[in-house]
Amino acid sequence: MIKTIKDFDLNNKRVIIRCDFNVPIKDGKIMDDNRIIESLSTIKYAIDNNAKVILLSHLGKVKTEEDKKSNSLKPVSERLSELLGISVKFIGETRGSVLEDSINKMRNKDVILVENTRFEDVPDKKESENSEELGRYWAGLADIFIDDAFGTAHRQHASNVGIASYIPSGVGFLIEKEIHALGAVLDNPEKPYVVIMGGAKMNDKIKVIDNLAEKADYLLLAGGIANTFLKAQGVDIKKSVYDEESIEHVKELLAKYKDKIVLPLDGYGSESYEDALEVFYEDNINDIKNDIMILDIGPKTIELFRKYIDKSKTIFWNGPVGVSEFNNFAYGTKEMCRLLKESAAKVVVGGGDSAAAAISFGYKNDFYHISTGGGASLKYIEGDTLPAIKVLESK
Ligand code: ADP
Ligand code: MG
């Protein structure tokens, strides 16, 4: 049984909480603080229970010294201070005497935020490759470890799996909610079970289709994923994005799962990847007339997808079906939101961009669950045990 934060006596204890503060920051300003807000319940619980709270998170990708400049967590400490109504002390390093002294001086209910864990990736990927030395070092700073970063649960990093290997550990409220919701719907999905997959992370997603096709009754494909399938079928997709590397694999998938895979019939596009003034409608995706990129699905495809959605009992949706951040190509994704809201099926949305799209189009409360973890939720529905969760099973 995985322990949750409620199973620990936190009084007077140094507690590391691994949060997901991977928020968009532009010129030092936080553009969307949703993830910070979501993390508050676990942090507040630790404060209310007299812990000394040490927060860890990654932010963006840090590969060079230069990357550090734009990826500091300092703005997050300021926003957190406002939201919590207390001063959250920011430590501008990931190890060393300043950090250690600050922790030694903490009083109960104090909160500190440590600099971006991925600063440890320069030069030798200590965080991302789960260096034992780093995991042990961080674990040595605390009595208890609480993991509340679902978005990185599919990764084996020093700041999740590493620390959890060495001290008593459990999950926070966010991860608890995720595993509960995903498990309730997707461990034994009620059939018919439909997976809708779109977006642009083609290589990663196409790799999981074998697994999904074994579990799901139908796979409705769109976005760059569908383009790759169309290309593999010999369709001239003109300038549309697709993944060349996956073509041979996709041919096998098409042969093996031809009764399960459903591809778009029509689409909208433009000559380049922008919110172009001129939008072309192609009424037959197998015969694209203009020299364009397909950037959205059209009404015939919506109608086709609706037939599957209407008869399904469980739906997992990952990846926008078009370039939904552009008004001209948001039609398909908005229509999908509407159909899924009306559907009687249990709908789970997982995927950073698809979740953000559904929320920005006003559907935050209209589905059974919107997962905060794109890659993690995909791994979960594939049937994989997530490493950051697995390590907690034996704690
Ligand atoms: P998620 O984060 O939901 O898993 P991805 O990261 O795989 O989704 O992909 C999201 C991106 O896919 C969005 O930026 C969207 O604009 C893009 N996208 C969707 N459809 C297309 C398309 N037909 N051509 C190019 N990009 C697309
Ligand atoms: Mg994404």
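This is a predicted model: local features need pLDDT of at least 70, side-chain atom pairs count only at pLDDT 80 or more; totals for chains, interfaces and linings use all residues.
Residues are numbered from 1 along each chain as its sequence is written, and chains are lettered from A and ligands numbered from 1 in the order in which they are written. Local features need pLDDT of at least 70, side-chain atom pairs count only at pLDDT 80 or more, and totals for chains, interfaces and linings use all residues; side-chain values use heavy atoms, with hydrogens and water left out.

Across the whole structure, 21 salt bridges were found. A salt bridge is a side-chain nitrogen of Lys or Arg within 4 Å of a carboxyl oxygen of Asp or Glu. One of them joins R79 and E82, with the closest N and O atoms 2.6 Å apart. Both residues sit in helix α3 (residues 74-84), three residues apart, so about one helical turn separates them. Helices (H or I, at least four residues) and strands (E, at least two) are DSSP runs, numbered from the N terminus. R79 is partly exposed at 24% relative accessibility, whereas E82 is exposed at 57%. Here buried means under 20% relative accessible area, exposed over 50%, and partly exposed in between (1.4 Å probe, protein chains only). R79 and E82 also belong to a network of salt bridges with D33.

Helix α10 (residues 247-256) holds another pair, E248 and K251, three residues and about one helical turn apart. Their closest N and O atoms are 3.5 Å apart. E248 is exposed at 51%; K251 is partly exposed at 40%.

A further salt bridge links K341 and D366 at 3.8 Å, N to O. K341 lies in helix α12 (residues 331-342) and D366 in the loop between α13 (352-360) and β17 (369-370), so this pair ties together parts that are 25 residues apart in sequence. K341 is partly exposed at 44%. D366 is partly exposed at 27%.

The surface also carries a patch of positive charge, formed by K61, K63, K125, R155 and K201. Patches are made of residues with over 30% relative accessible area and no salt bridge; like charges are joined within 9 Å, and nonpolar side chains (Val, Leu, Ile, Met, Phe, Trp, Tyr) within 5 Å. K125 is partly exposed, with a relative accessible area of 44%.

C19 is buried at 2% relative accessible area. C337 is buried too, at 0%.

Terms used
Accessible areas come from the Shrake-Rupley method with a 1.4 Å probe; for residues, only the protein chains shown count as cover. Lys and Arg count as positive and Asp and Glu as negative; His and the chain ends are not counted. The place of a charge is taken as NZ of Lys, CZ of Arg, CG of Asp or CD of Glu.
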